[in-house]
Structures are given as structure tokens and as C-alpha cells.
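Here are my notes from a pass through the model, as numbered points. Have a look at the sequence and coordinates before you read on.

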Amino acid sequence: MTLDVEIMADQIRRAFRGESWHGPSVLEVLAGVSAEDAAAHPVAGAHSIWGIVLHMTAGYRLVLRRVRGENAQFSLEEGWPPVPALSAESWLECQRTLEELNQQLQSAVRAFPTERLSEALGSEYSAYTQFCGAPQHDLYHAGQITILKKALAASRGSA
């Protein structure tokens, strides 16, 4: 394993699990979010927390498909799949899937040949750009989730 892929995999881990300098990770902002809160729409016209988590899952799947050699793109519905019927079990399964795919992406990045990092990977973007983009994407959406949580608290008068 070379330092390049190890650093990228570590950044994917930190953005998702924690120990990042910027602030809370994906798992930290999702901690304690109930299925009801995840499905809520406290900001008109914005996605729900659950919808964002499904979108992040779709992003991981896309990059993993590309690592496996597919020239994968996805439609709007694949990128923003519908939220399933509300249940605590379904919400927990969604979070478990997100965590499993993040782990798979870390492993795929660590195993990726460094000599191919600058090559296009299933799109016009290089492997390097996509691997570095994964934690950027995670943190962008972690910020959105934080704002949605604050909007939920404000709507309940507990801001």
C-alpha cells in the first residue's frame, strides 16, 4: 500500500467516522437522529436527512461500480432514491448500509493501483478526483444534516 491511497482512505474514514479537524463527521451528525426526524422536512423545498443519507449511499455505490470497471453514471432517481416507508428498522438499515459502503470504499481505495490514480475512472473524472471527492461530498452533506437538525429543533422551540 502506498502513502497516496492510504491518505485518501484515511480522509474518507475521518470524514465519515471522526477525528477530522473541521468538525463533526457524518456519523457524529447522524448520532441520535430518529427515523421520524430523518424523514422530516423542516426546511421547505429541502431534502430530508434520510434522503441525504440515501443520496450519499448512492454516491458510494457509484464510485465502487467505477472501481470495478463499469462506466457508471446514474439518473436523478438513482442519485436521489425515494425514502422508504417510515420505520425505525428501515432507518437503521439505511445507516448500516451507508457505513458498510463507506468501509468498502476505504478498502477499494487502499487496494487501488497508484499508477492509475490519474486515469479516468468510469467518467471524465480521475480516480484521484473521485477518491478525494468522496469525503468532500460527505462533509458537504454532513453540513446540510446539521442545518436540518437545527431547523427541526427550532420548529419544536428547542433551538
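**Notes on the model**

1. Glu19 is exposed, at a relative accessible area of 60%; for these labels, buried is under 20% relative accessible area, exposed over 50% and partly exposed in between, using a 1.4 Å probe and protein chains only. The residue sits in the loop between H1 and H2, and the phi of Glu19 is near 70°, a positive value in a residue other than glycine. For context, most residues other than glycine have a negative phi.

2. Some housekeeping. This is a predicted model, where local features need pLDDT of at least 70 and side-chain atom pairs count only at pLDDT 80 or more, while totals for chains, interfaces and linings use all residues. Numbering starts from 1 along each chain as its sequence is written, and side-chain values use heavy atoms, with hydrogens and water left out. Helices (H or I, at least four residues) and strands (E, at least two) are DSSP runs, numbered from the N terminus.

3. On to the core. The largest nonpolar core has 37 residues, and Ile49, Trp91 and Phe131 have the most contacts inside it. Such a core is a set of buried Ala, Val, Leu, Ile, Met, Phe, Trp, Tyr and Cys residues joined through side-chain atoms within 4.5 Å. Two or more residues each come from H1 (3–17), H2 (26–30), H3 (35–39), H4, H6 (88–111) and H7 (127–155). Of these, H4 gives the most, with 9 residues.

4. Ile49 is worth a click. Leaving out residues up to four places away in sequence, Ile49 touches, among others, Leu30, Val33, Asp37, Trp91, Ile145 and Leu152; contact here means heavy atoms within 4.5 Å.

5. How do H4 and H6 pack? Their axes come within 9 Å and cross at roughly 30°, with axes being lines fitted to C-alpha atoms over the stretch in contact and angles running from 0 to 180 degrees between N-to-C directions. The two helices are therefore roughly parallel, a label for angles under 35 degrees. H4 passes H6 in a left-handed crossing, that is, the near helix is turned anticlockwise from the far one by less than a right angle.

6. Which residue of H4 would I check next? Arg61 lies in H4 (residues 49–67) and is partly exposed, with a relative accessible area of 44%. Beyond its neighbours within four places in sequence, Arg61 is in contact with Thr97 and Leu101.

How values were computed: Angles under 35 degrees count as roughly parallel, over 145 as roughly antiparallel, 65 to 115 as roughly perpendicular and the rest as oblique.
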